[in-house]
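I opened the notebook to record what I looked up in this structure. The entries follow the order of my looking.

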Amino acid sequence: MLENYTPPLWLPDGHTQSIYPSLFRKVTLSETPRRERVTTPDQDFLDIDWYGGPLSERPLLIVSHGLEGSSDRQYVTGLIHKMKGMNALAWNYRSCSGEPNKNLRFYHSGATDDLDFIIKLAIERGAKDIYLAGFSLGGNLTLKWLGEQGENPPPMIRKAVAFSVPLHLSSSSKQLAKRENRLYTHRFLQTLIKKVKEKSARYPQDITVEMIDSIKSLVDFDDVITGPLHGFKDGEDYYEKSSSLYFLDQINVPTLIVNAKNDPFLSAECIPESFVKTLGFVQLDAQEKGGHCGFYPKNYQGYTWSENRAETWFKKSV
């Protein structure tokens, strides 16, 4: 059993444990991914990166990134590097691969239709043993998708792991809106509003200048853009219908959630230790420290604690 996460002394809190790996950790892969653009059922596109060889010969790891992330983020490539005995598929959400997607819709925390499409694509291509991993928003997507499968998930899905997951989106949005988190929210808003402006040029009747000008926070963004553009009444309706917390009791695949109690993004509702103990297939590893998608260890040997935790979980017999 892997010991609990211990940070270096020079990463003393949740903020430094989140920021340092994000900005300064570099992962060098021995293999250049094969980028493929696939057409979605609604005639949009997704860009995905493939690693490894024939899908029928080795297990496949499917990795889902976080808010405004991409398939080349260090936490994605780091996990792929750690699990190098597997093939891997890292996919980019709509508008996250460097090019705006075609349709009016974007991506969001509950948009499991795209993850479902990716998983079915992998199965059609010959994947027989599939392991799922998600980070932050991608963790919410992964858990929600697993819950939606209920008692009949595809038999190829063996296990899943999700890190730094905002299980309860409404309270997490309030947590992220706190003053001490303005560095993160400012960064997210910069890229999100840039994408919305590009989208507005294509769909000026659906996304007006006035709508964009009214966005001052991530909550505003979800009220004005995410909610209405994706069939929800507003941001709060989107949060309630998309929170993976409400899908955990329907999961029937061995699943591990790893959240840090000092994660600046997460509310107390995202550490539901008592509730998860009542579930048959879901385990919660609530670490005292680690930050958000951080877990940079005291004695760094090329891998984060979370990558070692994922390897331990995937290799553990059910």
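How are H3 and H4 oriented to each other? I started there. The axes of helix H3 and helix H4 (residues 137-149) come within 9 Å and cross at roughly 75°. H3 and H4 are therefore roughly perpendicular to each other.

I noted the ground rules next. The model is predicted, so local features need pLDDT of at least 70 and side-chain atom pairs count only at pLDDT 80 or more, while totals for chains, interfaces and linings use all residues. Residues are numbered from 1 along each chain as its sequence is written, and side-chain values use heavy atoms, with hydrogens and water left out.

I also wrote down the terms. Helices (H or I, at least four residues) and strands (E, at least two) are DSSP runs, numbered from the N terminus. Axes are lines fitted to C-alpha atoms, for helices over the stretch in contact, and angles run from 0 to 180 degrees between N-to-C directions. Angles under 35 degrees count as roughly parallel, over 145 as roughly antiparallel, 65 to 115 as roughly perpendicular and the rest as oblique.

**Entry: H3 and H4**

I listed the contacts (heavy atoms within 4.5 Å). Thr112, Leu115, Asp116 and Ile119 of H3 meet Leu141, Thr142, Lys144, Trp145, Glu148 and Gln149 of H4. By class, I found 4 nonpolar, 3 polar and 3 charged residues in the contact of H3 with H4. Here Ala, Val, Leu, Ile, Met, Phe, Trp, Tyr, Cys and Pro count as nonpolar, Asp, Glu, Lys and Arg as charged, and the others, Gly among them, as polar.

**Entry: the sheet**

I traced an open sheet of 8 strands, in the order E1-E2-E4-E3-E5-E6-E7-E8, with mixed pairing. Two strands pair if DSSP finds at least two bridges between them. Strand E1 (34-39) and strand E8 (282-287) are the edges, and each pairs on one side only. From one strand to the next, the twist averages 20°.

I then followed one end of the order. Strands E6 (residues 157-163) and E7 (residues 255-260) run parallel and are joined by 4 bridges. Phenylalanine 163 has valine 258 of E7 as its bridge partner. E7 and E8 also run parallel, with 6 bridges between them. Valine 258 stands opposite aspartate 285 in E8.

I checked which helices lie on the sheet. Helix H3 (residues 112-124) lies across E1, E2, E3, E4, E5 and E6, and runs at about 45° to E2. H11 packs on the sheet too, touching E3, E5, E6, E7 and E8, and its direction makes about 160° with that of E6.

**Entry: what is enclosed**

I used accessibility here: buried is under 20% relative accessible area, exposed over 50%, partly exposed in between (1.4 Å probe, protein chains only). In E8, 5 of the 6 residues are buried, so E8 is largely enclosed by the rest of the structure. Helix H2 (residues 74-82) has 8 of its 9 residues buried, so H2 is largely enclosed as well. What packs against the buried residues of H2? I found helix H1 (14-24), strands E2 (45-51), E3 (60-64), E4 (87-91) and E5 (130-135), and helix H11 (305-315).

I looked up the nonpolar cores, sets of buried Ala, Val, Leu, Ile, Met, Phe, Trp, Tyr and Cys residues joined through side-chain atoms within 4.5 Å. In the largest, with 61 residues, Ile62, Leu89, Trp91, Leu132, Ile225 and Leu248 touch the most other members. A second, separate core of 26 residues includes Val76, Ala88, Phe135 and Ala260.

**Entry: H8, H9 and H5**

Buried residues of helix H8 (residues 218-229) include Leu218, Phe221 and Ile225. H5, helix H6 (182-202), helix H7 (209-213) and H9 are among what covers the buried residues of H8. Just after H8, glycine 231 takes a positive phi of about 90°.

The H8 and H9 axes are 7 Å apart, at an angle of about 85°. H8 and H9 are therefore roughly perpendicular to each other. H5 packs on helix H9 (residues 235-242) at about 125°, with the axes 8 Å apart. That makes H5 oblique to H9. Leu169, Ser170, Ser173 and Lys174 of H5 meet Glu236, Tyr239, Glu240 and Ser242 of H9.

My last stop was glutamine 175, in helix H5 (residues 169-176). Is glutamine 175 buried or exposed? At 16% relative accessibility, glutamine 175 counts as buried. Leaving aside neighbours within four places in sequence, glutamine 175 is in contact with Asn181, Pro264, Phe265, Leu266 and Ser267.
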